[in-house]
Amino acid sequence: FGYEKGAFTGAIALKRGRFELADSGTIFLDEIGETSWALQTKLLRALEERVITRVGGTEDLKVDVRVIAATNRNLQKEIAAGNFREDLFFRLNVFPIAMPSLAERREDIPEFIRFFLVANKRSPNDISPKAVAKLKSYSWPGNVRELRNTIERAVILAGAGKIDSKHITLSAVAPAESSSAKSEPSGLEESERKMILQALNKCANNKTEAAKMLGITRRRLYSRIKFHNI
């Protein structure tokens with residue numbers, strides 16, 4: 001929402017906020033499910049009344065914006081858990097678009113593969129059918145970001161040669177265990193734990209960056225951290 005000059009230490013000049021800058025245009029609210037309750041309250045006012053107030057300011061500023069919001073969370077479950085405002089959900093939920101996970105649209109995987117190969121300055125044909133089949137058979141808990149990282153690794157491993165299945169190194173982060181999971185950690189679980197610890201160490205415990213490094217979502221990383229009691 002921006003701030004006024006002198007609103008706090010370091011506020012040496014007026015700063016216009018995102019809503020103000022987006023006036024008469026579109027604002028994209030990414031990861032809306034991660035916002036705090038206090039921010040949700042401010043967002044609700046901005047959406048309902050089309051009015052914002054800069055930090056340290058007293059003047060209400062009219063804004064006219066189209067809002068697009070995205071989240072990987074089930075907001076109805078978050079409402080039930082007391083983490084998300086129901087009134088804000090209904091204010092945002094005008095025209096919902098559900099994006100299926102990559103595992104639910106495997107027919108799109110070859111097209112993504114071609115796109116990421118070109119992005120890495122490789123020909124779309126620089127990959128073997130076996131490698132494509134291996135990529136199509138994986139569950140992709142990290143969705144498209146994980147696939148992108150996997151292709152980038154494969155390009156590095158293959159060098160100037162054709163990408164084969166041996167160059168496809170998939171994440172050790174396995175699907176969620178059932179309630180009947182073994183009490184003793186498996187070799188895969190231990191490898192996963194080590195990978196997570198290494199990523200957190202390299203990223204100075206920045207979980208967002210660690211999730212990117214592992215090619216999974218931040219929510220998935222939190223789930224695995226809790227599982228391994230890290």
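The legends below describe close-up views of a predicted model.

**View 1. Glutamate 31, a residue other than glycine with a positive phi.** Glutamate 31 has a phi of about 50°, a positive value although the residue is not a glycine. Most residues other than glycine have a negative phi. Glutamate 31 lies in the loop that runs between strand S3 (26–29) and helix H2 (37–49). With a relative accessible area of 28%, glutamate 31 is partly exposed, because partly exposed covers the range between the buried limit of under 20% and the exposed limit of over 50%.

**View 2. Asparagine 229, in the segment after helix H10.** Helix H10 (218–228) is followed by a segment that holds asparagine 229, and this residue, although not a glycine, has a positive phi of about 55°. Asparagine 229 is exposed, with a relative accessible area of 68%. In space, asparagine 229 is 9.4 Å from arginine 193, C-alpha to C-alpha, while the two are 36 residues apart in sequence.

**View 3. The buried side of helix H10.** Which residues of H10 are buried? They are Arg220, Leu221, Arg224, Ile225 and His228. Around the helix axis these residues cover an arc of only 140°, which means that they sit on the same side of H10. H10 is followed by asparagine 229, the residue with a positive phi near 55°.

**View 4. The salt bridge between arginine 54 and glutamate 20.** The side chains of arginine 54 and glutamate 20 meet in a salt bridge with an N to O distance of 2.7 Å. Arginine 54 is in the loop between strand S4 (51–52) and strand S5 (61–62), whereas glutamate 20 is in helix H1 (residues 18–21), so the pair ties together parts that are 34 residues apart in sequence. Both partners, arginine 54 and glutamate 20, are buried. A search of the whole structure finds 14 salt bridges.

**View 5. The salt bridge between glutamate 34 and arginine 218.** A salt bridge joins the side chains of glutamate 34 and arginine 218, with 3.5 Å from N to O. This pair links distant parts of the chain, with glutamate 34 in the loop between S3 and H2 and arginine 218 in helix H10, 184 residues apart. Glutamate 34 is partly exposed at a relative accessible area of 31%, and arginine 218 is partly exposed as well, at 29%.

View 6. The side chains of aspartate 64 and arginine 50 meet in a salt bridge of 3.1 Å, N to O. Aspartate 64 lies in the loop between S5 and strand S6 (66–69) and arginine 50 in the loop between H2 and S4, so this pair ties together parts that are 14 residues apart in sequence. Aspartate 64 counts as partly exposed at 46% relative accessibility, and arginine 50 likewise counts as partly exposed, at 36%. Elsewhere, salt bridges that share partners join Glu4, Arg16, Glu20 and Arg54 into one network.

**View 7. The packing of helix H5 against helix H6.** Helix H5 (residues 109–119) and helix H6 (residues 129–137) pack at an angle of about 120°, and their axes are 10 Å apart. This angle makes H5 oblique to H6, because the roughly perpendicular range is 65 to 115 degrees and roughly antiparallel needs over 145. The crossing of the two helices, H5 and H6, is right-handed. From H5, the residues Ile109, Pro110 and Ile113 meet Val132, Leu135 and Lys136 of H6.

**View 8. The buried and exposed sides of helix H6.** The buried residues of H6 are Ala131, Val132 and Leu135. They cover an arc of only 100° around the axis, which places them on the same side of H6. On the other side of H6, the residues Pro129, Lys130 and Ser137 are exposed. What covers the buried residues of H6? Among the covering elements are H5 and helix H7 (143–158).

Definitions and conventions. Residues are numbered from 1 along each chain as its sequence is written. This is a predicted model: local features need pLDDT of at least 70, side-chain atom pairs count only at pLDDT 80 or more; totals for chains, interfaces and linings use all residues. Side-chain values use heavy atoms; hydrogens and water are left out. Helices (H or I, at least four residues) and strands (E, at least two) are DSSP runs, numbered from the N terminus. Buried means under 20% relative accessible area, exposed over 50%, partly exposed in between (1.4 Å probe, protein chains only). The arc is that of the directions from the helix axis to the C-beta atoms. A salt bridge is a side-chain nitrogen of Lys or Arg within 4 Å of a carboxyl oxygen of Asp or Glu. Axes are lines fitted to C-alpha atoms, for helices over the stretch in contact, and angles run from 0 to 180 degrees between N-to-C directions. Angles under 35 degrees count as roughly parallel, over 145 as roughly antiparallel, 65 to 115 as roughly perpendicular and the rest as oblique. A crossing is left-handed if the near helix is turned anticlockwise from the far one by less than a right angle, and right-handed if clockwise. Contact means heavy atoms within 4.5 Å.
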